[in-house]
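Here's a quick briefing to read with the model open in your viewer. Take it topic by topic and click along as you go.

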Amino acid sequence: MEREAARRQLLEIYASALRAVAGDELVRKQLRTEPINTSCCVIAVGKAAEAMALGAQQALGPRLLRGLLVTKHGYLGRSLDSRWYCIEAGHPLPDADSLHAGQRLLDFLRDTPADSHLLFLISGGASALVEVLAEDVTPELQQQINRWLLASGLDIDAMNRVRKGLSAIKAGRLAAHLRGRAVTQLLLSDVPGDDYRVIGSGLLVPHSLSDLATSHLQLPAWILDVLNLTPPLPESEHFSTITTHLLASNHTARLAAQYEARQRGLSVVLHDSDFQGDAELLGNEFARTMLTGPSALHIWGGEATVKLPPHPGRGGRCQQLALCAALHLRDSEALLLAAGTDGSDGPGDDAGALVDGGTVARGEVEGLSAQRALQQADSGTFLEASGDLLQTGPTGSNVMDLVLGLTPG
């Protein structure tokens, strides 16, 4: 298979996986399978919030009284009607709009009629997008802690444990504001293991004190001092009216990629476990697996981490993983796509990268060094020069990252 044809094929398989986890269709399907037949108020928070909200609007019709939507800056289109109040807020760092969204959320719950059903649509990114800070935690301190977390290399569970200690609504604390109303919660999982307590920092999921423990984490003393002031958890009766459904996860996307690949006559190796860990180590591992095994499409899913240097360049975890793999795949016929399912990878507009055996040479022709780019967390600059960056825009989903590695026969 020619390289350009193989690249197109990987992009089409990736697109098929994204369709399988599209938030609008998943919400429509769920609300038609288990309909809400009373008047309903909807809260959608996350990177996939608009797509999920659109699915609810279409399924509920006139039963939708009003809605509150909070999503990432740049992720809001114009697909919703006038019943919605929409806010764009900060991600991955929360900002003043995130705090505004948190207050609007509490106001929305306070003003919702007592006999209305509440529908929560939660997707990845919610932890940063909506926040009500605990007493004695200032916005400046919150920003400082989040900047430290994003550069630390900690995984999403560890970061969310810390974020929960700063919050008056995370770790199930939002449930204290429901006042006994019936609640349906629909989740898109962007975390390894699909732990409800981690998705969106578990706004409406009961926690124990052990769920908030950070003693095993290597945190600086100034953060530990803040966490000693963690607000109390709500009583169990606050959760008695909540019904939760998981709509999709990264495994859903992997299965869709597998189906599409087999329809195209490809041999497939589906890696079932969610990958975690350092992006460069994973890039090395995935490339070795591809080069030492039979011709096939390898499908991985999960979320890597990158420990950032003091002055990082351009890029994200998928780009770092892909460029590291490209060094091993140099001059081979193999290709590897690593991309977020939400359409973003790091703070820029890139979803990830699609590298092949010529990636490193193409970047070097432009005077760049792949090794230096990796050391400086500047993989995006190299991959732009090599022509291998992917840009999708917001996808309407968020179920971690997908890696497709193809060794043509």
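Predicted model: local features only at pLDDT ≥ 70, side-chain atom pairs only at ≥ 80, totals over all residues.

- Six strands make up an open sheet, ordered E3-E2-E1-E4-E5-E6, and the pairing is parallel.
- At the edges sit strand E3 (84-89) and strand E6 (242-248), each of which pairs on one side only.
- From one strand to the next, the twist averages 15 degrees.
- Looking at one pair, strand E4 (residues 117-122) and strand E5 (residues 183-188) run parallel and share five bridges.
- If you want a specific bridge to click on, Ile122 has Leu187 in E5 as its partner.
- Helix H4 (residues 96-111) lies across strand E1 (40-45), strand E2 (64-72), E3 and E4. The angle between H4 and E3 is about 155 degrees.

**Helix H14 and its surroundings**
- Which residues of H14 (residues 379-386) are buried? They are Ser379, Gly380, Phe382, Leu383 and Ser386.
- Viewed down the axis of H14, these buried residues fall within an arc of 160 degrees, so they line one face of the helix.
- As a reminder, an α-helix has 3.6 residues a turn, so residues three or four places apart point the same way.

**Leu11**
- Leu11 is part of helix H1 (residues 3-20).
- Its relative accessibility is 35%, so Leu11 counts as partly exposed.
- Leaving out residues up to four places away in sequence, Leu11 touches Leu337, Leu354 and Leu390.
- Leu11 and Ser397 are 386 residues apart along the chain, yet their C-alpha atoms are separated by 17 Å.

**Cysteines**
- How many disulfides does a search of the whole structure find? The count is zero.
- For Cys40, the nearest cysteine sulfur belongs to Cys41 and is 6.7 Å away, and Cys40 is in no disulfide.
- Cys40 counts as buried because its relative accessibility is 0%.
- Cys86 is in no disulfide either; its nearest cysteine sulfur, that of Cys41, is 15 Å away.
- With a relative accessible area of 30%, Cys86 is partly exposed.

Conventions: Residues numbered from 1 in each chain as written. Heavy atoms only, no water. Buried < 20%, exposed > 50% of the residue type's maximum accessible area, 1.4 Å probe, protein only. Helix = DSSP H or I, 4+ residues; strand = E, 2+ residues; numbered from the N terminus. Arc of directions from axis to C-beta. Pairing = 2+ DSSP bridges. Axes fitted to C-alpha atoms, helices over the stretch in contact; angles between N-to-C directions. Contact = heavy atoms within 4.5 Å. Disulfide = S-S within 2.5 Å.
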